[in-house]
Amino acid sequence: MTSRDLGLNHLGLGRVAASWVALAYSLGFAGLLLVGARLADVVGIARLLAWGIGAFTIASAIGGFATEGWTLIAARAVQGLSAAVVSPATFTLLTTTHAEGPTRTRAIAIWTAVSLAGGGLGNIASGTLTDLISWRATLLINLPIGAGIAMTAAALHRRLVAGQRGVRISLVGAGLATGAFACATYALSVAGGSAAEAAPALVGGVTGVLLFALLVVQQRHTAHPLVPSSLTRSRLILLGNTATALTAACFQIGLWYFLTYLMQEQLGYTPLQAGLAFLPLTASMLTVNLWVTPQLMKRLPSRALVVAGVAISAPGLIWLAVVDQGPFVLTILLPSIAIGIGGGLMNTPLATIVTTGVPSDHAGAASGLMNTAKQFGGAIGLAAATTAGAVAGTDKAAFAFMALALVMAAAITTGIPRSRDRSKSATAAESS
């Protein structure tokens with residue numbers, strides 16, 4: 001998208017600089033996810049939510065009234081950093097205030113559904129506000145929303161979990177983690193772009209790998225690791241987060257990106273038609289995730305639902321990769337419903353798997369692992385799907401790659417201990 005598309009020319013932002021308006025948010029969000037989640041265990045969820053929401057709202061105001069390009073980019077970066085604190089904190093709140101079982105499952109299902117709906121409605125609202133008013137409206141709309149959330153958090157202050165005594169964060173580890181994930185996100189974001197971006201992408205990728213290697217070494221020798229060793233030793237959590245990352249490689253970014261391209265570029269849909277065509281996918285995923293999956297989880301193990309979700313959604317992705325032309329029902333509607341049903345079966349079980357047996361003082365770290373797996377799974381999936389499309393000579397090959405990622409997720413999930421062994425596995429990991 002060019003600066004002209006957004007109306008940013010008057011801020012002195014050219015096409016390349018305008019891309020940083022979106023990239024700055026992504027770098028801030030991805031870079032601080034793991035650290036931000038762990039902060040919930042240190043300072044407490046109440047304070048963290050208040051700080052994060054306050055910073056996000058202030059950054060929205062600064063960006064909305066920006067008169068210089070650098071001010072807008074800086075505000076977007078602060079928004080990303082703030083979101084990296086708020087997003088995992090809300091999930092941590094669920095896992096620390098709801099005991100394992102149907103109540104927590106229902107809460108996670110609602111959290112996941114709100115996330116899915118918020119992402120879809122946010123894109124529609126942003127486009128509408130930009131077309132009817134200005135890009136500034138997409139930032140300034142956050143002011144009343146942020147104020148409302150802040151008041152709600154204040155009302156719930158006494159019920160929110162306080163920080164845990166003795167839990168700290170290594171500043172060196174926090175810096176290494178933030179730098180590593182930010183560099184990796186940048187490399188993945190510009191991978192496959194123009195020739196001018198090849199060198200910066202390579203530098204960013206190499207830097208990210210080096211910083212991550214230093215982070216691993218540093219975490220082994222610090223008394224206050226970002227991810228407690230009890231979590232890294234848990235087979236349940238490691239396999240669950242790996243499956244989460246692979247699932248995100250399909251559903252997090254890539255599916256929406258390539259499906260939009262398919263509808264507008266290959267099928268000739270207008271932006272409005274493409275937006276409406278997403279409704280069956282979103283509706284089927286939300287319906288299954290919110291009402292069907294929690295009921296099934298009372299009778300079936302989580303891993304069985306993940307495998308079932310893959311078995312339903314993967315054929316829908318292959319369908320999109322094979323079918324070229326035809327009526328809406330055949331080309332978009334039927335495969336979208338299959339993908340939506342499958343995705344709705346997977347989201348809540350995976351989130352439940354990676355938080356099973358986690359003690360309350362490590363809830364933030366577990367949430368950070370899950371959100372980081374989602375974020376980087378999505379980024380890696382988009383980059384890999386783009387590469388697959390370039391190698392095959394058609395973007396439809398990306399759908400085949402996504403189906404393969406889901407099959408790999410199902411294969412990994414089958415190695416997860418049975419539901420009756422989960423607490424034992426987590427306890428063993430904690431004591432090791």
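**A walk around the second largest pocket**

Modeller: Happy to! Six helices, α8 (171–190), α9 (198–220), α10 (229–232), α11 (235–251), α17 (363–392) and α18 (397–413), each supply at least two residues of the lining of the second largest pocket. Helices (H or I, at least four residues) and strands (E, at least two) are DSSP runs, numbered from the N terminus. Please keep in mind that this is a predicted model, where local features need pLDDT of at least 70, side-chain atom pairs count only at pLDDT 80 or more, and totals for chains, interfaces and linings use all residues. Residues are numbered from 1 along each chain as its sequence is written, and side-chain values use heavy atoms, with hydrogens and water left out.

Now the pocket itself. Rolling a probe the size of a water molecule over the atoms shows where empty space is left. On a 1 Å grid over the protein atoms alone, a pocket is an open set of points where a 1.4 Å probe fits, with protein on both sides within 12 Å along at least five of seven lines, and lining residues have an atom within 4 Å of a point. Grid points are joined across faces, edges and corners, and a volume is the space filled by probe spheres set on the points. The second largest pocket holds about 980 Å³ of space. It is lined by 38 residues, of which Leu-34, Phe-181, Phe-212, Leu-369 and Thr-372 are the closest to its centre. Helix α17 gives the largest share of this lining, with 8 residues. By type, the lining has 27 nonpolar residues, 10 polar and 1 charged; here Ala, Val, Leu, Ile, Met, Phe, Trp, Tyr, Cys and Pro count as nonpolar, Asp, Glu, Lys and Arg as charged, and the others, Gly among them, as polar.

Let us follow α9 next. Its 23 residues should span 33 Å at 1.5 Å a residue, and its end C-alpha atoms are 34 Å apart, which agrees; the expected span is 1.5 Å times one less than the number of residues. The buried residues of α9 are Ala-201, Gly-204, Gly-208, Leu-215, Gln-218 and Gln-219. Buried means under 20% relative accessible area, exposed over 50%, and partly exposed in between (1.4 Å probe, protein chains only). Part of what covers these buried residues is α8, by contact, meaning heavy atoms within 4.5 Å. In the loop between α8 and α9 sits Glu-197, which counts as partly exposed because its relative accessibility is 30%. Glu-197 is 10 residues from Ala-187 in sequence, and their C-alpha atoms are 9.2 Å apart in space.

Helix α10 contains Leu-231, a residue that is buried because its relative accessible area is 0%. Between Leu-231 and His-362 there are 8.3 Å from C-alpha to C-alpha, although they are 131 residues apart in sequence.

The loop between α17 and α18 is the place of Lys-396. With a relative accessible area of 5%, Lys-396 is buried. A polar atom of the Lys-396 side chain lies 2.7 Å from the backbone oxygen of Val-323. Not counting residues up to four places away in sequence, Lys-396 touches Leu-262, Gln-266, Leu-320, Ala-321, Val-322, Val-323 and Asp-324.

Stepping back to the chain as a whole, there are 19 helices and 0 strands, and buried residues make up 46% of its 432 residues.

Notes: Polar contact = N/O pair within 3.5 Å; in protein donor to acceptor, adjacent residues only side chain to side chain.
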